[in-house]
Amino acid sequence: QVQLVESGGGLVQPGGSLRLSCAASGGVRVVYTMAWYRQPPGKQRELVAGILDTGRPVYADAVKGRFTISRDNAKNTVYLQMNSLKPEDTAVYYCNADITSDFQEQANYWGQGTQVTVSS
């Protein structure tokens, strides 16, 4: 079955950087839009950034100029480079993708989430 596996979370000081990765695997044939969401403690999940299969990115206002989303289509992988991190960026970050696989036409999938904590 299709899986999205995230990596790269952790603890970082304010002003620091982290790079998240998310790889899709398991019978993947076509990956359409890929995106990162986050869920801060006690709040709802929100879109951070997305990238179309054409490579065009979109960003939430809160992260514009600090975060960069990119993808490697050959590896079915999406990245999120996070710079100038702030305490309010603390959240569980989730990968999301629309995928056609050997098992199902275009469906939406979520990763398991990776914790990002920004604190001194």
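This is a predicted model: local features need pLDDT of at least 70, side-chain atom pairs count only at pLDDT 80 or more; totals for chains, interfaces and linings use all residues.
Gly-113 sits in the loop between strand 10, residues 107-110, and strand 11, residues 114-118. Gly-113 has 17% relative accessibility and counts as buried, because the cut-off for buried is under 20%. Leaving aside neighbours within four places in sequence, Gly-113 is in contact with Glu-6, Val-92, Tyr-93 and Tyr-94. Take Glu-6 from that list: Gly-113 and Glu-6 are 107 residues apart in sequence, while their C-alpha atoms are 6.6 Å apart in space.

Next, the sheet with strand 1. This is an open sheet of four strands, in the order 1-3-8-7, and the pairing is antiparallel. Which strands stand at the edges? Strand 1, residues 3-7, and strand 7, residues 67-72. Each has a single partner strand, so one side of each is left without a neighbour in the sheet. On average, neighbouring strands here are turned by 15° against each other, with direction ignored.

Inside that order, strand 3, residues 18-25, pairs with strand 8, residues 77-82, in the antiparallel sense over six bridges.

Moving along to strand 4. Strand 4 pairs with strand 9 in the antiparallel sense, over nine bridges. On the strand 9 side, the bridge partner of Trp-36 is Cys-95. Strand 4 also pairs with strand 5, again antiparallel, over five bridges, and in that pairing Tyr-37 stands opposite Leu-47 of strand 5. Strands 4 and 5 form a hairpin with six residues between them. In the turn, Gly-42 has a positive phi of about 75°.

The structure holds one. The disulfide joins Cys-22 to Cys-95, with the sulfurs 2.1 Å apart. The angle about the S-S bond is -80°, and the link is left-handed. Cys-22 lies in strand 3 and Cys-95 in strand 9, so the pair ties together parts that are 73 residues apart in sequence. Are these cysteines buried or exposed? Cys-22 is buried, at 0% relative accessibility. Cys-95 is buried too, also at 0%.

Now the nonpolar core. The largest one has 30 residues, and those with the most contacts inside it are Trp-36, Leu-80, Met-82, Tyr-93 and Ile-99. The elements giving two or more residues to this core are strands 3, 4, 5, 7, 8, 9, 10 and 11. Strand 9 gives the largest share, five residues. As for Ile-99, its contacts beyond four places in sequence include Val-2, Leu-4, Ala-24, Val-30, Tyr-32 and Tyr-109.

Val-58 counts as partly exposed, because its relative accessibility is 38%. Its contacts, again leaving aside neighbours within four places, are Val-48, Ala-49 and Gly-50. The C-alpha atoms of Val-58 and Ala-35 are separated by 9.1 Å, and these two residues are 23 apart along the chain.

Last, the charged side chains. The structure holds four salt bridges, and I will go through three of them. What does Arg-38 meet in a salt bridge at 2.7 Å, N to O? The side chain of Glu-46. Glu-46 is partly exposed, with a relative accessible area of 32%, whereas Arg-38 is buried, at 6% relative accessibility.

Arg-38 also has a salt bridge with Asp-89, where the closest N and O atoms are 2.9 Å apart. Asp-89 lies in the loop between strand 8 and strand 9, and Arg-38 lies in strand 4, so this pair ties together parts that are 51 residues apart in sequence. Asp-89 is buried as well, at 1% relative accessibility.

Asp-89 forms a further salt bridge, with Arg-66, and there the closest N and O atoms are 2.8 Å apart. Arg-66 is in the loop between strand 6 and strand 7, and Asp-89 is 23 residues away from it in the chain. Arg-66 is buried, with a relative accessible area of 11%. Through shared partners, these salt bridges join Arg-38, Glu-46, Arg-66 and Asp-89 into one network.

Methods
Residues are numbered from 1 along each chain as its sequence is written. Side-chain values use heavy atoms; hydrogens and water are left out. Buried means under 20% relative accessible area, exposed over 50%, partly exposed in between (1.4 Å probe, protein chains only). Contact means heavy atoms within 4.5 Å. Two strands pair if DSSP finds at least two bridges between them. Axes are lines fitted to C-alpha atoms, for helices over the stretch in contact, and angles run from 0 to 180 degrees between N-to-C directions. A nonpolar core is a set of buried Ala, Val, Leu, Ile, Met, Phe, Trp, Tyr and Cys residues joined through side-chain atoms within 4.5 Å. A disulfide is a pair of cysteine sulfur atoms within 2.5 Å.
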